[in-house]
Amino acid sequence: MKIDILTLFPNMFDSFFKESIIKRAIENNLVEINIIDFREYSKDPHKKVDDTPYGGGAGMVLTCQPIFDCVNDIKTKDSKVILLTPSGKLFKQNIAYDLSKESHLIIICGHYEGFDERIRTICDLELSIGDYVLTGGEIPALVLVDSITRLIPNVINEESHINDSFNNNLLDYPTYTKPADYNGLKVPEVLLSGDHKKIDEYRKEEQIKKTKENRPDLIN
Ligand code: ADE
């Protein structure tokens with residue numbers, strides 16, 4: 001999969017892609033990530049990318065020209081163009097699954113007060129990562145890239161995400177590792193029993209219990 005991220009702040013991404021699972025996915029050619037500074041597409045003599053809003057109001061608005069030209073330059077018939085905005089559809093695990101099957105994602109990070117509304121006409125999907133407003137789309141872009149990349153086949157062991165939280169609308173079951181007794185805090189007996197049917201039942205019960213407690217909205 002190829003992911004192009006359009007941003008005005010390319011340096012924000014540097015370290016994240018050089019560590020851990022994402023770094024390995026890039027090295028193994030399972031994902032290619034390009035950071036594109038769309039200011040470079042600006043035809044303004046001062047490389048301006050924003051302007052004041054028609055009708056008045058606070059802040060600056062990203063103009064159409066640099067983003068239209070940039071997307072037109074890199075888009076192919078297989079590209080999916082995603083706009084990151086707090087007014088987008090809420091990004092969830094099922095959307096991450098669907099997007100992990102695409103071959104080319106173009107992710108547009110906004111900044112400042114917002115976008116010229118006409119930019120929406122070149123986007124296939126508008127996504128928000130949650131009901132809060134960030135200073136820009138860079139952190140949301142990292143959230144998307146991270147959650148989508150780990151679902152690309154062979155990036156992590158598939159078994160690791162079969163029981164992920166949110167699959168089947170349930171949160172993940174609790175996990176433990178050695179020692180079996182840490183300062184009197186004991187690992188549940190059933191996990192030491194070697195009885196896999198019982199372990200599966202225990203884990204399912206715990207998933208339901210935790211989901212009812214922390215995220216009752218998922219059960220309903
Ligand atoms: N840009 C600013 N806040 C955002 C959010 N919550 N989701 C996506 N993009 C954003």
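Phe166 is placed in the loop between α5 and β9, helices (H or I, at least four residues) and strands (E, at least two) being DSSP runs numbered from the N terminus. The phi angle of Phe166 is near 85°, a positive value in a residue other than glycine. This is a predicted model, in which local features need pLDDT of at least 70 and side-chain atom pairs count only at pLDDT 80 or more, while totals for chains, interfaces and linings use all residues. Residues are numbered from 1 along each chain as its sequence is written, and side-chain values use heavy atoms, with hydrogens and water left out.

**Backbone of the loop**
- Pro179 also lies in the loop between α5 (158–162) and β9 (181–182).
- The peptide bond joining Lys178 and Pro179 is cis, with omega about 5°.
- Most residues other than glycine have a negative phi, and most peptide bonds are trans.

**Ligand site**
- The residues surrounding the ligand include Leu84, Thr85, Pro86, Ile129, Gly130, Tyr132 and Leu134; a residue is near a molecule if one of its heavy atoms lies within 4 Å of it.
- The shell around the ligand divides into 8 nonpolar, 4 polar and no charged residues; Ala, Val, Leu, Ile, Met, Phe, Trp, Tyr, Cys and Pro count as nonpolar, Asp, Glu, Lys and Arg as charged, and the others, Gly among them, as polar.
- β5 gives the most to this shell, with 3 residues.

**Polar contacts and burial**
- A backbone N or O atom of Thr85 lies 3.3 Å from a nitrogen atom of the ligand, a polar contact being a pair of N or O atoms within 3.5 Å.
- For Gly130, a polar backbone atom is 3.3 Å from a ligand nitrogen atom.
- For Leu134, the corresponding distance from a polar backbone atom to a nitrogen atom of the ligand is 3.0 Å.
- Taken alone the ligand exposes 260 Å², of which the protein buries 96%, by the Shrake-Rupley method with a 1.4 Å probe.

**Overall form**
- The protein has 7 helices and 10 strands.
- Its radius of gyration, taken over C-alpha atoms, is 22 Å, well over the 17 Å that the globule rule gives for 220 residues, so the protein is more spread out than a compact globule; the rule is 2.2 Å times the number of residues to the power 0.38.
- Along the principal axes, the C-alpha atoms fill a box of roughly 70 × 40 × 35 Å.

Notes:
Polar contact = N/O pair within 3.5 Å; in protein donor to acceptor, adjacent residues only side chain to side chain.
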